[in-house]
Amino acid sequence: MVVAVTNLTYFLAWAYLDPRANYVGRRPPLSEEQIVNLLEPRDLYDGTPLLVRWWHWFSGILFHWDWGVGPTGQSVNEQVAYRMWVSAELMLGATILLTVLGIALGVYSASRQYRLGDRIAQGTSIITMNIPIVVAALGLVLLAIAFNETVGTTVFYVTGSSSIGVSGFFPVLVDTLQHIALPTLALVLIGYAQYHFLQRSLLLDNIKSDYVRMARAKGLTKQQAIRKHALRTSLIPVTTQVAFSIPAVFTGAVLTESIFAWKGMGQYFIETITKNDIHGVVAVAAFGAVITAFGAILADIAVVVLDPRVRVS
Amino acid sequence: MTSRPIPLNDPDAGDDTTTPGSGHDAPERKRLTKWQLYSRRFARNRPAVAGVVIFALLVAFALFGSFFAKYDHVELDFLALSDPPSPEHWFGTNNSGNDLYAMVVVGLQRSLLIAVVVAVGTTVLSALVGTAAAYFGGRVERVSLFVIHFLMVAPTFLLLAMMSNDSGGDWKVIALVLILVSWFFQARTIWTMSLSLREREFVHAARYMGVPGLRIVLRHMIPNIGSLLVINFTLGVVGAVMAETGLSFLGFGVKLPDVSLGSLIGIGASSISSAPWLFAFPAAALTLLTVSMALIADGLRDALDPTSAAGGRA
């Protein structure tokens, strides 16, 4: 499926992006011959039949793991190799945090259904879930700037993923945390609520079930019954949901990276589209498909761990 | 809580499943029509009512706000560059002298228009494909499900960005592309629900009476998932607003001289510490729009769901 999606994106990218546009309107104007000479060695010349171009590109990946070059000649491999870790850092941290927070809040509000705590948590969640990510991220930037001014030093950095000239393990760790805090917070803020609602409704269904009543009748406290019996069953659908929400996290990461000026895959996505970098666009699509598949595999593993009825053969 | 006796509404095919208690066991109780029941249940949900009020105010602002504007949204006031909010420019101005109030009005119109068009298109398309796939079965079902599953793994946001960037910022193209990349999740849900619907007696009855297949889908199946469609529509508005503003923020959506809330926020983002009002006003309008619509969807879900716990005392 990943291969099919990547190839489809290749053809769609050719339909909508025109690498030639980068050279039209340059001063001094380039002759047709010069443009062809620039594009031809990069497999971006539209005079070559599409299938020939495609085979060049596809066989390059198959045999040399070479994802081609952009219109300015920089290697897609190098770009992606650096950027994917920047993005992975942000997305992994945010996904773990928002899942844990959502599940914890879901358990909290399910065990206090319709009481004050539940109502407040639900009211907050429905608002945060529907704040657009752009507004959330920029709002956090404003708050952080105000906070930095009150404290007097730069606690939160609002641009970039790391500072230049920081070395040593602990300084680097602190520096990374200062940079990663805000974008992660923005992603968590808008993402946690869906797990809150899902976990709450699933857990409520399970709390009313016979086996939880049985556990209570055996003498377990309500807390124990929820933790040991109801929670484990209701976690299974939530983990499947996590896998399918990874593309949404990626979309959110595109916007957060552009706001916080992180040089990650999301920013690469914007750059490649504006520069008509076809090979780069396809690499971004492939990255998206790979992390979706990765999420699906992780979810399968989690289900096997949680659900004793599923046996691995 | 007043209720007046009303004749039962026509037992039209499809509508009867959601009509409340038949009343044979308690003849002295006064009956409510379906819509009275729904509106009463909706009105009991205070956040949902607040959502309706906010949404109505926003629509009024988008429609009539320009009557109060002192400037046009493309008009430049060179004596007021990057001015904070003042009596002259209520929401301030940007660095080329555009009046932000006029721009927010126009941007809100544009965002709302795209959102409503996309939500209508998505709901109609998903309802038709979902129910038709379930009713006709066989090849129709296989092909539709294949398309749906393929789109589910495709990098839709990327395709969306490429296509709308290529269109040069025409809102009609953006709306069309947004419909194309957002209908399939709903279609899959509707297909799942319609699977049980197609085995119902009234569908069989219609089929054996010789009603053509397309009419069964349109007259008997789609009205039965009406409540789901209403909820999908409101959630579709939220999703479309978010997608459109995200695109416009990145510069792939609506482009100058046309403005939307997303492109306004994009302009405001570059000067967020020196001119925060450029960000604050469009962001507030956008957040109010999405949150109010979500509250409405939540209230509708409680009001329309016959098994909802929130509807105990109608």
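**Close-up views of a predicted model**

**View 1. The largest nonpolar core of the predicted model.** Within this core of 128 residues, the members that touch the most others are A:Leu138, A:Phe269, B:Phe249 and B:Ile265. Helix α9(A) supplies the largest share of the core, 13 residues. Domain 1 (2-64) and domain 2 (79-196 + 235-312) of chain A each give at least three residues to this core.

**View 2. Surroundings of A:Phe269.** Leaving aside residues up to four places away in sequence, A:Phe269 touches A:Val254 and A:Val284 in chain A. In chain B, A:Phe269 touches B:Phe157, B:Leu158, B:Ala161 and B:Phe252.

**View 3. Elements that line the second largest pocket.** In chain A, α1 (2-16), α3 (50-64), α4 (76-111), α9 (222-260) and α11 (278-306) each give two or more residues to the lining. The largest share, 12 residues, comes from α4(A). Domain 1 (2-64) and domain 2 (79-196 + 235-312) of chain A each contribute at least three residues to the lining of this pocket.

**View 4. Residue types in the lining of the second largest pocket.**

Key
Residues are numbered from 1 along each chain as its sequence is written. Chains are lettered from A and ligands numbered from 1 in the order in which they are written. This is a predicted model: local features need pLDDT of at least 70, side-chain atom pairs count only at pLDDT 80 or more; totals for chains, interfaces and linings use all residues. Side-chain values use heavy atoms; hydrogens and water are left out. Helices (H or I, at least four residues) and strands (E, at least two) are DSSP runs, numbered from the N terminus. Ala, Val, Leu, Ile, Met, Phe, Trp, Tyr, Cys and Pro count as nonpolar, Asp, Glu, Lys and Arg as charged, and the others, Gly among them, as polar. Domain bounds come from an automatic or database domain assignment. A nonpolar core is a set of buried Ala, Val, Leu, Ile, Met, Phe, Trp, Tyr and Cys residues joined through side-chain atoms within 4.5 Å. Buried means under 20% relative accessible area, exposed over 50%, partly exposed in between (1.4 Å probe, protein chains only). Contact means heavy atoms within 4.5 Å.
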